[in-house]
Amino acid sequence: MAEKFFLGGVTPSGFSTQLTELVCSRQYFTYILKGGAGTGKSSLMKKLADRFEQTENVTRYYCSSDPDSLDAVVLHSSKAVIVDGTAPHVFDPKYPGVCQKIVDLGFYWNDAMLKADREKIITACRLNKSLMSSAANCNKALGNICTDIYSCAGEFLDEHKLESFAERFCRKLFGRSRGNRGKQSIRQLSVMTRFGYMTLSETLEKYLDIYLLDDSFFAASDAFIRIAAQQAQSRGYDVKLSPCLLFDGTVFEHLLIDEIGVAFVSADPLTKLSCKNAAKINMSRFYDKAKMQPHKKRLKTDSTLAAALINSSREMLDSAKLVHDEIESYYIKAMDFDALDRVCEDIAAQILAK
């Protein structure tokens, strides 16, 4: 089964993605798609993903603003990447022509038709930018609230008890070291979207053992995941870590270990995950209840604010999507989609010829 992740998302410091390293690498050849909304970037990537999935492992990266839309496709056997290179995730060639190539889809639109809708397009683009800015502000405020919950919980987290449990658990699960150290990579499994805070749960279906870290305060699950990742790497297993972007990527929510089919996922105030057939680990046992008592009012207030901000961000992103759909409508009617099909076939032929 193909993997599905998000390309990235908005952090308090702006948009963040880990795909830049792959796009700029010399090991993969990247096709960077340029063009406005509605020019067929996502449709082109879907066609290529479906075509190559019959013969190789394909990873799809979805848009955080619109999870129905693709932002990138990675073809692992062919060593090829097809990515949307427009804002907010702007990509440009590092080694033009030999490792990356720009595909300008704007070449296939009718300029005269777009000029006829000039003022409507400008108005819609400005409104979309304003709504996305408001959503980013909501996410920043939400990140601050979640950080306060995390920091507060750190004051009554029993670190020694958690570390002892995590190390025993990992020794039993991972076994002995294989004499080498595993690699670490970042994959975005959960982000804030127009549907709320969303996790691409389909990706978890390939894992045989899923452990659900039930944690109301973020701190215990983050600490457990860090220990588990270190223990797995020290035994020679590659790990995929999924950070929470609302913390600017400094707090981890999920850990995936492909080789042994193990996944650790957090059920926290953001994800609210409930995985079928997952083994639940109650993280509340690692918080000192007596030390927690003076912080209860603060945590309750934070929880209420977080819920309101999640809803506000969702509403802003949903409104932005409606405006985005309007922008797309102008470009869709101006595009030559027969030519776009030929572009898709040309890219597929180039990938197969390498």
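This is a predicted model: local features need pLDDT of at least 70, side-chain atom pairs count only at pLDDT 80 or more; totals for chains, interfaces and linings use all residues.
Let me begin with Cys99, which sits in the loop between β7 and β8, where helices (H or I, at least four residues) and strands (E, at least two) are DSSP runs numbered from the N terminus. Cys99 counts as buried because its relative accessibility is 9%, and here buried means under 20% relative accessible area, exposed over 50%, and partly exposed in between, with a 1.4 Å probe and protein chains only. Setting aside residues up to four places away in sequence, Cys99 touches Ser25, Arg26, Tyr28, Phe29 and Thr30, contact being heavy atoms within 4.5 Å. From Cys99 to Glu345 there are 246 residues in sequence and 20 Å in space, C-alpha to C-alpha.

Residues are numbered from 1 along each chain as its sequence is written, and side-chain values use heavy atoms, with hydrogens and water left out.

The loop that holds Cys99, between β7 and β8, is also where Pro88 is found, β7 being residues 80-84 and β8 residues 100-104. The peptide bond from Ala87 to Pro88 is cis, with omega near 10°. Most residues other than glycine have a negative phi, and most peptide bonds are trans. Lys79, in the loop between β6 (70-75) and β7, has a positive phi near 55°, and at 40% relative accessibility Lys79 counts as partly exposed. Lys272, in the loop between β15 and β16 (279-282), has a positive phi as well, near 50°, and with a relative accessible area of 61% Lys272 is exposed.

Now to the helices. Two packed helices are described by the angle between their axes and the distance between the axes. The axes are lines fitted to C-alpha atoms, for helices over the stretch in contact, and the angles run from 0 to 180 degrees between N-to-C directions.

How do α4 and α8 pack? Helix α4 (residues 118-154) and helix α8 (residues 296-334) meet at an angle of about 160°, with axes 8 Å apart. The two are therefore roughly antiparallel, on a scale where angles under 35 degrees count as roughly parallel, over 145 as roughly antiparallel, 65 to 115 as roughly perpendicular and the rest as oblique. By class, the contact of α4 with α8 has 25 nonpolar, eight polar and five charged residues; Ala, Val, Leu, Ile, Met, Phe, Trp, Tyr, Cys and Pro count as nonpolar, Asp, Glu, Lys and Arg as charged, and the others, Gly among them, as polar.

Helix α2 (residues 41-52) and helix α9 (residues 337-353) have axes that come within 10 Å and cross at roughly 40°, and α2 and α9 are therefore oblique to each other. Their contact includes Leu44, Arg51 and Phe52 of α2, together with Leu340, Glu345 and Leu352 of α9, and by class this contact has ten nonpolar, no polar and four charged residues. Leu352, which lies in α9, counts as exposed at 56% relative accessibility.

For α5 and α6, the axes come within 9 Å and cross at roughly 40°, which makes α5 oblique to α6. Among the residues making this contact are Phe165, Phe169 and Phe174 of α5, and Phe224, Ile227 and Ala228 of α6.

Of the 52 residues in the largest nonpolar core, Phe224, Leu255, Ile257, Phe264, Leu270 and Tyr287 touch the most other members, a nonpolar core being a set of buried Ala, Val, Leu, Ile, Met, Phe, Trp, Tyr and Cys residues joined through side-chain atoms within 4.5 Å. Elements that each supply at least two residues of this core include α4, α5 (159-174), α6 (219-234), β14 (251-257), β15 (262-267) and α8, and the largest share, eight residues, comes from α6. Phe264 is in contact with residues including Phe169, Phe174, Phe224, Ala228, Leu255 and Ile257, leaving aside its neighbours within four places in sequence. There is also a second, separate core of 50 residues, which includes Val23, Ala80, Leu200 and Leu212.
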